[in-house]
Amino acid sequence: MSRANPFAPTALEGRSLGAEKVARLGFLVVTLLLLIPALGILAVLVVEGAPGMSLAFFTEKPRENGAAGGIATALVGTVWLTAVALAIALPVGVAAAIYLSEYARDNWLTRTINVAIVNLAGVPSIVHALFGVGAFVHFLQFGKSILAASCTLAVMTLPVVIVATRESLQAVPKAFRDASWNMGATRWQTIWHIVLPNSGSGILTGLILVVCRAVGETAPIMFTGAVFFRQLYPGGVFDKTMALSLHLFNVSTQVTNVPRHVPFAVALTLIMVVLSMNALAIWFRMKLRGRKKW
Amino acid sequence: MVSSPAAPFAQDAAAPALLTVRGLSIRYGAKVALQGVDLDVRPNEIFGIIGPANAGKTSFLRALNRMDEFVPDMRVDGAVTFAGRDLRTIRNLYALRSHIGVVFPLPVGLPLSIYDNVALAPRLRGVKAKSELDGIVERSLRRAALWDEVKDRLKNLGSLLSGGQQQRLTIARALSQEPELLLLDEFSIAVDPVTTMRIEEVLKELRQELTIVLVTNLVQQARRLAARTAFFLGGRCVEIAATEDLFNGGAKDQRTIDYLEGRFG
């Protein structure tokens with residue numbers, strides 16, 4: 001140690017430290033930029049839409065093609081579409097994920113399925129819509145209905161359900177399965193008693209992703225079950241229905257004489273539904289993770 | 001009956017073997033893990049298997065429990081007879097595994113309560129009565145020398161016990177189905193010396209009621225526990241002998257002598 005302070009930065013170290021500061025600051029700024037659209041959208045919607053938000057807006061049926069009245073039938077329709085899509089996508093997706101994670105061997109069939117899932121996730125929603133028209137409305141003869149629209153939404157969201165569930169199944173340590181199998185448990189007994197109870201957060205994530213997509217998507221439902229204007233609440237899955245997302249498109253671009261605040265209020269409602277679902281999911285997952293099990 | 005003070009756990013050599021292994025070979029894809037193993041395990045004996053890493057010890061245990069069903073690429077050739085039945089002819093492997101308990105190197109407390117850990121296998125076999133389950137849980141935990149430490153907190157998670165406790169919980173779980181054969185795979189790797197000695201005492205007790213195959217990386221552990229010991233090296237069984245003979249200069253193969261003296265492994 002010839003120098004007085006062995007920890008004083010050399011010229012090279014000084015430059016590294018300078019670059020480090022710049023990098024840190026740069027990445028922070030870029031990240032903060034992301035907040036602008038997120039907060040901006042919310043701010044505009046709140047400011048512009050607030051005058052339209054009232055209890056009557058949610059409980060009254062729309063009139064004059066949406067230019068007057070509330071959004072009750074659209075709101076209820078969106079709930080229907082989402083619930084039915086969930087009822088289809090969740091069991092199918094979870095079952096597929098269980099097969100892929102717990103049963104499938106690494107062979108050409110499994111690899112083909114995995115490629116198919118990735119590709120399905122990349123299909124644009126308008127293509128899903130056309131598939132839905134062909135497969136559900138015409139071929140299966142559901143007609144233009146909630147069932148057809150929800151099936152289309154379910155197909156579209158299946159890849160995310162499968163991937164999210166599979167990840168969470170894989171996160172359960174292999175040693176647990178080994179221990180269970182060695183005691184003479186079957187694969188299904190092991191899945192039911194050991195694996196599934198510990199993959200709740202992933203399945204929940206899948207559920208939320210379905211809900212958020214189903215609430216927000218417009219293209220897949222506009223050809224398969226959602227209608228421009230309807231004052232009746234749906235009575236069953238074979239009815240047509242209004243939906244929030246399509247209603248937003250219509251009052252923004254298709255209907256004349258719409259009060260300025262209405263589209264913003266509809267959009268705000270849509271975002272609130274999605275955000276509250278997300279918040280619920282995050283809260284649930286924190287609760288599940290809080291119970292440390294191993 | 002051959003018995004001498006030098007070999008306190010010597011077995012009746014004439015008794016029919018509980019486990020007969022003939023020409024056992026195990027492959028994972030193209031990789032050979034075990035080749036041409038012949039050995040017998042007699043009832044109520046502790047049979048030790050020693051050897052360095054990659055000797056095929058763990059693969060050997062897997063084959064006894066037919067875990068090849070769950071390991072892709074694993075191929076087992078040769079004949080293993082357990083309690084008079086050729087394992088290859090057993091269709092109901094789940095029943096086979098309830099007759100054979102397994103303990104792994106790393107303790108596995110399943111993410112269930114301590115009670116449910118031990119009661120899991122009996123429940124899967126259809127035991128429903130609370131009193132019967134209570135009895136099984138207490139007896140298994142007592143035999144594994146864990147009861148006194150956990151009897152007041154059976155509802156706590158088994159996976160949050162200490163390592164040594166989890167290993168005894170694993171043993172209790174293995175005992176919950178009253179197996180005839182207990183397979184232990186380097187059980188003391190993740191366990192402190194005191195717990196190791198406690199478990200060794202447990203095993204000596206259990207020898208009265210069941211048969212144990214003990215794979216161990218500790219040569220002295222085999223010496224303390226096993227009546228007979230096999231030395232595995234590079235996928236072959238080099239030598240099988242009464243443990244006392246092996247450690248008292250009776251080893252015939254130079255590789256066994258070198259290993260016992262700590263020259264490799």
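Strand β1 of chain B covers residues 19–28 and pairs with strand β2 of chain B, residues 31–41, in the antiparallel sense over 7 bridges. Within that pairing, Leu19(B) has Val41(B) in β2(B) as its bridge partner. Strand β1(B) is also joined to strand β4 of chain B, residues 74–82; these two run antiparallel, with 8 bridges between them. Here Thr20(B) stands opposite Thr81(B) in β4(B).

Another pairing in chain B has the parallel sense: strand β3, residues 46–50, is joined to strand β9, residues 228–233, by 4 bridges. Across this pair, Ile50(B) stands opposite Phe231(B) of β9(B). As a reminder, strands of a sheet pair through backbone hydrogen bonds, either parallel or antiparallel.

| Strand pair (chain B) | Sense | Bridges |
|---|---|---|
| β1 (residues 19–28) and β2 (residues 31–41) | antiparallel | 7 bridges |
| β1 (residues 19–28) and β4 (residues 74–82) | antiparallel | 8 bridges |
| β3 (residues 46–50) and β9 (residues 228–233) | parallel | 4 bridges |

**The open sheet**

Strands β3(B) and β9(B) belong to an open sheet of 6 strands with mixed pairing, in the order β6-β7-β8-β3-β9-β10 of chain B. Its edge strands, each pairing on one side only, are β6 (100–103) and β10 (236–242) of chain B. From one strand to the next, the twist averages 15 degrees.

**Where the chains meet**

How many residues of chain B are in contact with chain A? There are 20 of them, and they touch 18 residues of chain A. On the chain B side, the elements giving two or more residues are α2 (93–99) and α3 (114–124) of chain B. The largest share comes from α2(B), with 4 residues. By class, this side of chain B has 15 nonpolar, 3 polar and 2 charged residues.

After α3(B) comes Gly126(B), whose phi is positive, near 100 degrees.

**Nonpolar core**

The largest nonpolar core has 145 residues, and those with the most contacts inside it are Leu81(A), Val161(A), Val210(A), Ile212(B), Val213(B) and Leu214(B). Helix α6(A) gives this core its largest share, 16 residues. For one of the residues named, Ile212(B), the contacts can be listed: leaving aside neighbours within four places in sequence, Ile212(B) is in contact with Ile46(B), Phe47(B), Leu182(B), Leu184(B), Leu203(B), Leu206(B) and Arg207(B).

Helix α11 of chain A, residues 244–253, is largely enclosed by the rest of the structure, because 7 of its 10 residues are buried. They are Leu244(A), Ser245(A), Leu246(A), His247(A), Leu248(A), Asn250(A) and Val251(A).

Ala19(A) and Phe7(A) are 12 residues apart in sequence and 19 Å apart in space, C-alpha to C-alpha.

Ala171(A) lies in the loop between α6 (146–170) and α7 (174–182) of chain A. Ala171(A) is exposed too, with 12 other C-beta atoms within 10 Å. From Ala171(A) to Gly235(A) there are 64 residues in sequence and 42 Å in space, C-alpha to C-alpha.

**Confidence**

The predictor gives the complex an ipTM of 0.85 and a pTM of 0.82. Chain B has a mean pLDDT of 89, and 94% of its residues reach 70 or more. Over residues 1–11 of chain B, however, the pLDDT is below 50, and this stretch has 15 contacts in the model beyond near neighbours in sequence. Where pLDDT is low, the predicted coordinates should not be read in detail.

Terms used. Residues numbered from 1 in each chain as written. Chains lettered and ligands numbered in written order. Predicted model: local features only at pLDDT ≥ 70, side-chain atom pairs only at ≥ 80, totals over all residues. Contact = placed C-beta atoms within 7 Å. Nonpolar A, V, L, I, M, F, W, Y, C, P; charged D, E, K, R; others polar. Pairing = 2+ DSSP bridges. Axes fitted to C-alpha atoms, helices over the stretch in contact; angles between N-to-C directions. Buried ≥ 20, exposed ≤ 12 C-beta atoms within 10 Å, placed from the backbone. pLDDT = per-residue confidence, 0-100. Core = buried A, V, L, I, M, F, W, Y, C linked by C-beta atoms within 7 Å.
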